[in-house]
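I opened my notebook to get to know this structure step by step. Here is what I looked up, in the order I went.

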Amino acid sequence: MNIEKYSKERYTTKVFDSDSSLSDSIINKVKNLLQVSPSSVNSQPWHFIIAGTESGKQRIAKAASGAYEYNKPKLTDSSHVIVFCSKTSIDDDYLEKLLDQEDSDGRFANGDFREAQRKGRSTFVNLHKFNLKDSQHWMEKQVYLALGTLLLGASTLEIDACPMEGFDPTILDQELGLREKGLTSVVLVAIGKRSPEDFNAPLPKSRHKQEDIFTNL
Ligand SMILES: Cc1cc2nc3c(=O)[nH]c(=O)nc-3n(C[C@H](O)[C@H](O)[C@H](O)COP(=O)(O)O)c2cc1C
């Protein structure tokens, strides 16, 4: 696979083909990509809600109101919409659950490795909780890694995607009952197939020149 080719071919789809629906096999691949996304100290402080039904997409589209109305057709015409959520806190139970998973996945040769991982992860979690006081921001950074993984990955699966920060998280959190679940919405991605009418598809990419963004030492 030529990853450079896919990184150049991917683009933000602005108009989706509303008749096109992604197969279960593709959606499973999308789930696999999200599941293996990296995160600081393997904290994985995320949850992904995947809407593939008309009613599910309509519920999410309620958050594209007011100033965000321009995003609504992407949410309703695409095949699936993924709500990227971050956790709102990391507690001891959650840290223990992570350790148990790593244990059952065979990450620890013995109890000493498990303890070392517990200490290392707690140090980072507590640093953000008590010293830097930026836990929410830190967790959302991890969610954005999953976003990057998905955007490039979608291109390699030869499907189209539109990332969206243009929505009202207060409306969406309420609609999906996220806060009660210890979650909050961060970013959305609509996936599907582009419409032949998508004005954005033929436009060339525009990025900073390499000499402006790279420094060689
Ligand atoms: C975090 C993030 C949020 C974005 N939000 C929106 C959005 O709400 N609506 C939209 O049409 N495009 C949105 N975009 C698309 C960007 O405008 C687009 O990625 C950028 O212009 C680069 O173009 P490209 O993705 O086609 O390469 C978003 C992109 C990112 C990464």
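**Entry 1: the ligand shell.** I sorted the shell around the ligand by class and got 5 nonpolar, 3 polar and 3 charged residues. For this I counted Ala, Val, Leu, Ile, Met, Phe, Trp, Tyr, Cys and Pro as nonpolar, Asp, Glu, Lys and Arg as charged, and the others, Gly among them, as polar. The names around the ligand are Y11, T12, K14, N71, C162, P163, M164, E165, G166, V187 and K205; a residue is near a molecule if its C-beta atom, placed from the backbone, lies within 6 Å of it.

**Entry 2: ground rules.** I noted that this is a predicted model, where local features need pLDDT of at least 70, side-chain atom pairs count only at pLDDT 80 or more, and totals for chains, interfaces and linings use all residues. Residue numbers start from 1 along each chain as its sequence is written.

**Entry 3: confidence.** I looked up pLDDT, the predictor's confidence in each residue, from 0 to 100. The chain has a mean of 98, and 100% of its residues reach 70 or more.

**Entry 4: the elements.** I found 9 helices and 4 strands in the chain. Both are DSSP runs numbered from the N terminus: helices are H or I with at least four residues, strands are E with at least two. The C-alpha trace spans about 60 × 50 × 35 Å along its principal axes.

**Entry 5: strand 3.** Which element gives the most to the ligand shell? It is strand 3 (residues 160–164), with 3 residues. I then checked burial (buried means 20 or more other C-beta atoms within 10 Å of a residue's own, exposed 12 or fewer, partly exposed in between, with C-beta atoms placed from the backbone). Strand 3 runs antiparallel to strand 4 (residues 183–192), joined by 5 bridges; strands pair if DSSP finds at least two bridges between them. D160 has G192 as its bridge partner in strand 4.

**Entry 6: helix 5.** Is helix 5 well covered or hardly covered? Hardly covered: the count of buried residues among its 13 residues is 0. Just after helix 5, G106 takes a positive phi of about 85°.

**Entry 7: the whole chain.** I ended with the total: buried residues make up 27% of the 217 residues.
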